[in-house]
Amino acid sequence: MIEYYDISGCYILRPWAMEIWELLKEFFDAEIKKLKLKPYYFPLFVTENVLQKEKDHIEGFAPEVAWVTKSGKSDLEAPIAIRPTSETVMYPYFSKWIRSHRDLPLKCNQWCNVVRWEFSNPTPFIRSREFLWQEGHTVFATKEEADEEVLQILELYRRIYEEFLAVPVSKGRKSEMEKFAGGLYTTSVEAFIPNTGRGIQGATSHCLGQNFAKMFDITFENEKGERSMVWQNSWAYTTRSIGVMIMTHGDDKGLVLPPKVAPIQVIVIPVPFKDADTTAIKGACESAVYTLNEAGIRADLDARENYSPGWKYSQWEMKGVPLRIEIGPKDLANKQVRIVRRDNGTKVDIPSTDLVEQVRVLLDGIQANLLETAKAKRDACIVSISTWDEFIAALNDKKLILAPWCDEEEVEKDVKARTKGELGAAKTLCTPFDQPDLPSGTVCFASGKPAQKWSFWGRSY
Ligand SMILES: O=C(C[C@H]1NCCC[C@H]1O)Cn1cnc2c(c1=O)CCCC2
Ligand SMILES: [Mg+2]
């Protein structure tokens, strides 16, 4: 999927990864086009004074910003930043383009790369210094429109994870401390990796309120001729989503790809026998591939002469291909094919006449099974607690913790301080929209004050 690169935190995305990215993009781009998003491309570079414009949005991140200071041998008279995100690149032009309510809503999306010079342990897909994403930036006349779109996009992110990557996620709201500092509120879809017991942010959809409108003077004349400030959202998902899928479904044989994002959904392998009619066998394989492709199923033939069938089985299992079809002399004689599932290893012989129908059923079955299995594993990690001791025990047990919280930032900071360690501190992951009942009198696990809500806590990536 990737090749390591000679700059730390940078990776080469090879076809097996890029094809997955492109399948996700195909779905997401079509969906936002239905919401009237328009494609844009803004420059990679942003000047220092523009980048610094939205103070509290940038100050916490300044070390992560990469700068261009020279061209050839000569210094630039002023350093230029490489975009770590594009709010400050875009919004001076939103200010110029938006005059009247007739210019609203403005709906801008760009598919691009961004650079963040992170220092904590670089990890392929999960944390890299350059990554691919889409960033949506929308502008509305009213808060109601912005609030509605934040959730529409969050639902698309849930679909990316659950319907395509087969990764269960929780929709919720970030705390004031964890939200995007430049915004009004942040919603996110949160995933969880049982093996490491860490939460991971899957995607974010922010309502920016009127903060950036104030900073960049983005105002419009409403129907009554009054001038007022716009309401904005921004939202993104990144190539990190591929890493979450890999960690969620991978097993000791290698990748396990959900069919919806598998570059090859079915690999067809001829199984020649010493004196069998290899030409006929190969012909049957080719027609199986052709029939499947005609039906819109991503099938391929592995007819390489220099590898044994067994070697091929292992290779394609390692690459996570959902279905393998074997065709040998017996299969040929019985006008059937043998199909092997990657997710649970089951083998089934089906008549060649039923090929497309059965493959579709099997692919849908694998997609559903991967999500259900991941959901069960994730749910088994969720534990509700009431006291500090239970919290610490659950944390050490690599659990995803649902805890009653007083919703005070001081307490959040205190929990971070009290759980610091080489595994990283505990933090709030999100306050799930789906709130369990909170009996009156319930107290916060960390402060003992009256609890306001149930929140997910845990260590994270
Ligand atoms: O990027 C965002 C908010 C927003 N940006 C646009 C897409 C949605 C959402 O990610 C937050 N953020 C994260 N990380 C950084 C910055 C930053 O603004 C700016 C400086 C470098 C690091
Ligand atoms: Mg960051």
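Trainee: In which helix of the protein chain is confidence lowest, and in which is it highest?

Mentor: This is a predicted model, and pLDDT is the predictor's confidence in each residue, from 0 to 100. Helix H5, residues 143-164, has the highest mean, at 99. Where pLDDT is low, the predicted coordinates should not be read in detail. The lowest mean, 68, belongs to residues 55-58, which form helix H3.

Trainee: What does the protein chain average in pLDDT?

Mentor: Start with the share of residues that score at least 70: 100%. The model also scores ipTM 0.98 and pTM 0.97. As for the average pLDDT of the protein chain, the value is 97.

Trainee: How many helices and strands does the protein chain have?

Mentor: Along the principal axes, the C-alpha atoms fill a box of roughly 80 × 55 × 50 Å. Of the 461 residues, 50% count as buried. The protein chain has 13 helices and 23 strands.

Trainee: What distance separates the centres of domain 2 and domain 3?

Mentor: Locate the domains in the protein chain. Domain 1 covers 2-249, domain 2 covers 266-363 and domain 3 covers 382-459. Taken over C-alpha atoms, the centres of domain 2 and domain 3 are separated by 50 Å.

Trainee: Trp111 and Tyr237 form an aromatic pair; is it stacked or edge-to-face?

Mentor: The structure holds 29 aromatic pairs. Planes over 60 degrees apart count as edge-to-face.

Trainee: How many residues apart are Trp111 and Tyr237?

Mentor: Look at the strands. Trp111 sits in strand S7, while Tyr237 sits in strand S14, residues 231-238. Both Trp111 and Tyr237 are buried. The pair links distant parts of the chain, and the separation is 126 residues.

Trainee: What kind of aromatic pair do Phe180 and Phe212 form?

Mentor: Their ring centres are 6.0 Å apart, with 35° between the planes. Planes under 30 degrees apart count as stacked, over 60 as edge-to-face, and the rest as tilted. The angle of 35° falls in the remaining range, so Phe180 and Phe212 form a pair that is tilted.

Trainee: Why does that pair tie together separate parts of the sequence?

Mentor: Phe180 lies in the loop between strand S9 (170-173) and strand S10 (185-193). Phe212 lies in helix H6, residues 211-216. Both belong to one aromatic cluster, which includes Tyr40, Trp97 and Phe216. The pair ties the two parts together because Phe180 and Phe212 are apart in sequence by 32 residues.

Trainee: Is Phe180 buried or exposed?

Mentor: Buried means under 20% relative accessible area. Phe212 counts as buried at 0% relative accessibility. Phe180 has a relative accessible area of 12%, so Phe180 is buried.

Trainee: Which residues form the nonpolar patch on the surface?

Mentor: One member is Trp117, in the loop between strand S7 (106-115) and strand S8 (130-140). Trp117 is partly exposed, with a relative accessible area of 30%. Together the patch has about 490 Å² of accessible area. Its members are Tyr5, Ile7, Ile12, Trp117 and Phe119.

Trainee: How far apart are the closest N and O atoms of Arg158 and Glu162?

Mentor: Both residues belong to helix H5. Being four residues apart there, Arg158 and Glu162 are separated by about one helical turn. Glu162 is buried, with 11% relative accessibility. In their salt bridge, the closest N and O atoms are apart by 2.8 Å.

Trainee: What is the N to O distance between Glu286 and Lys282?

Mentor: Glu286 and Lys282 are four residues apart in helix H8 (residues 278-294), about one helical turn. Glu286 is partly exposed at 38%, and Lys282 is partly exposed at 33%. A salt bridge needs the nitrogen within 4 Å of the oxygen. Their N to O distance is 3.9 Å.

Notes:
Residues numbered from 1 in each chain as written. Chains lettered and ligands numbered in written order. Predicted model: local features only at pLDDT ≥ 70, side-chain atom pairs only at ≥ 80, totals over all residues. Heavy atoms only, no water. Domains from an automatic or database assignment. Patch = residues over 30% accessible without salt bridge, like charges linked within 9 Å, V, L, I, M, F, W, Y side chains within 5 Å. Areas by Shrake-Rupley, 256 points an atom, 1.4 Å probe, with all protein chains shown as cover. Salt bridge = Lys/Arg side-chain N within 4 Å of Asp/Glu carboxyl O. Buried < 20%, exposed > 50% of the residue type's maximum accessible area, 1.4 Å probe, protein only. Phe/Tyr/Trp six-rings, centres within 6.5 Å; stacked < 30°, edge-to-face > 60°.
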